Amino acid sequence: MPAMQDIDFPEAGERDTAWMRHALALAERAEREHDEIPVGAVVVDAGGRIVGEGWNRNIGDHDPSAHAEIVAMREAGRALGNHRLIGCTLYVTLEPCAMCAMAMVHARIARVVYGATDPKTGAAGSVFDLLADPRHNHRVDVVGGVLGEEAGSRLRNYFRAKRGLPPA
C-alpha cells in the first residue's frame with residue numbers, strides 16, 4: 001500500500017487533497033471494475049500509512065453494510081489487530097451515512113474527511129450531525145467538501161448513465 005509519510009506536505013489541506021485523490025481512484029475502480037456506486041474510502045494511520053481501503057461493495061456482495069467506509073475500517077482493524085482505530089483518519093468521497101458515522105464513533109476514528117455532501121442521508125452535518133453529538137463518548141473531527149465537486153460529479157454521472165442519460 002502507498003505511504004505518504006515521505007512526502008513533505010506544507011499544509012494539512014494538501015495532505016487531505018492527496019488522500020482524497022486516492023479515495024477517488026478507488027471510487028473509479030468500484031464503478032469500472034464492479035459496477036458499484038462510485039464511493040471510495042481509505043483509512044490512514046497517524047504515521048501517514050494506509051491501513052485500510054475499500055469501495056462500495058454492497059451490490060456485488062449482497063451486503064447492505066458493505067459501504068466503502070465499513071470495508072475500509074474492517075481492513076484497517078485487521079491490519080492493526082484492533083477494533084479501535086485510534087489516531088486514524090478516514091477519507092471518503094461521499095459524506096457518511098448514519099450507519100457509517102456510528103461505526104466511526106465506535107471505532108474511535110480521529111478524523112473523517114469527505115468529498116461530496118449527501119443531501120439525502122448525510123450524517124456528518126448536512127442532514128444529521130451524528131459525529132458531533134455531545135451524547136457520544138467520542139467525537140470525530142469532520143472536514144467536508146475536499147474535492148467535493150469532482151466526487152459529486154462522478155456520482156451524478158454514474159446515476160445518469162444508469163438512467164440512460166448523457167453525462168452532466
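User: Within what distance do the axes of H2 and helix H3 (residues 98-107) come, and at roughly what angle do they cross?

Analyst: Two packed helices are described by the angle between their axes and the distance between the axes. Before the case itself, please note that this is a predicted model, in which local features need pLDDT of at least 70 and side-chain atom pairs count only at pLDDT 80 or more, while totals for chains, interfaces and linings use all residues. Residues are numbered from 1 along each chain as its sequence is written, and side-chain values use heavy atoms, with hydrogens and water left out. Helices (H or I, at least four residues) and strands (E, at least two) are DSSP runs, numbered from the N terminus, and axes are lines fitted to C-alpha atoms, for helices over the stretch in contact, with angles from 0 to 180 degrees between N-to-C directions. Here the axes of H2 and H3 come within 9 Å and cross at roughly 25°. That makes H2 roughly parallel to H3, since angles under 35 degrees count as roughly parallel, over 145 as roughly antiparallel, 65 to 115 as roughly perpendicular and the rest as oblique.

User: Which hand does the crossing of H2 and H3 have, left or right?

Analyst: A crossing is left-handed if the near helix is turned anticlockwise from the far one by less than a right angle, and right-handed if clockwise. The crossing of H2 and H3 is left-handed.

User: Which residues of H2 and H3 meet?

Analyst: Contact means heavy atoms within 4.5 Å. From H2, the residues Glu69, Ile70 and Met73 meet Met99, Cys100, Ala103, Met104 and Ala107 in H3.

User: Which residues of H3 are buried, and what covers them?

Analyst: Buried means under 20% relative accessible area, exposed means over 50%, and partly exposed lies in between (1.4 Å probe, protein chains only). In H3 the buried residues are Cys100, Ala101, Met104, Val105 and Ala107, and their cover includes H2, strand S3 (89-94) and S4. Just after H3, Arg108 takes a positive phi of about 65°.

User: Where is Glu69, and what is it in contact with?

Analyst: Glu69 belongs to helix H2, which covers residues 68-80. If its neighbours within four places in sequence are left aside, Glu69 is in contact with Ala41, Leu90, Val92, Leu94, Pro96, Cys97, Cys100 and Met104.

User: How far from Glu69 is the nearest side chain of opposite charge?

Analyst: In this scheme Lys and Arg count as positive and Asp and Glu as negative, while His and the chain ends are not counted. A salt bridge is a side-chain nitrogen of Lys or Arg within 4 Å of a carboxyl oxygen of Asp or Glu. Glu69 is buried yet has no salt bridge, and the nearest side chain of opposite charge, that of Arg74, is 11 Å away.

User: Which residue does Arg74 form a salt bridge with?

Analyst: Arg74 forms a salt bridge with Asp63, the closest N and O atoms being 3.8 Å apart. This pair links distant parts of the chain, eleven residues apart, with Arg74 in helix H2 and Asp63 in the loop between strand S2 (50-55) and H2. Arg74 is partly exposed at 39% relative accessibility, and Asp63 is also partly exposed, at 22%.

User: How many salt bridges does the structure hold?

Analyst: The structure holds twelve salt bridges. Among the pairs are Asp16 and Arg111, whose side chains meet at 2.8 Å, N to O. They link distant parts of the chain, 95 residues apart, as Asp16 is in helix H1 (residues 12-34) and Arg111 is in strand S4 (residues 111-116). Asp16 is buried, with a relative accessible area of 4%, whereas Arg111 counts as partly exposed at 21%.

User: What does the salt bridge of Lys162 and Asp35 tie together?

Analyst: The side chains of Lys162 and Asp35 meet in a salt bridge at 2.6 Å, N to O. Lys162 lies in helix H4 (residues 148-162) and Asp35 in the loop between H1 and strand S1 (40-44), so the pair ties together parts that are 127 residues apart in sequence. Lys162 is partly exposed, with a relative accessible area of 46%, and Asp35 counts as partly exposed at 41%.

User: What is the phi of Asp35, and what is that of His62?

Analyst: Phi of Asp35 is near 50°, a positive value in a residue other than glycine. For His62, which is likewise a residue other than glycine, phi is positive and near 55°. His62 has its place in the loop between S2 and H2 and is exposed, with a relative accessible area of 71%.
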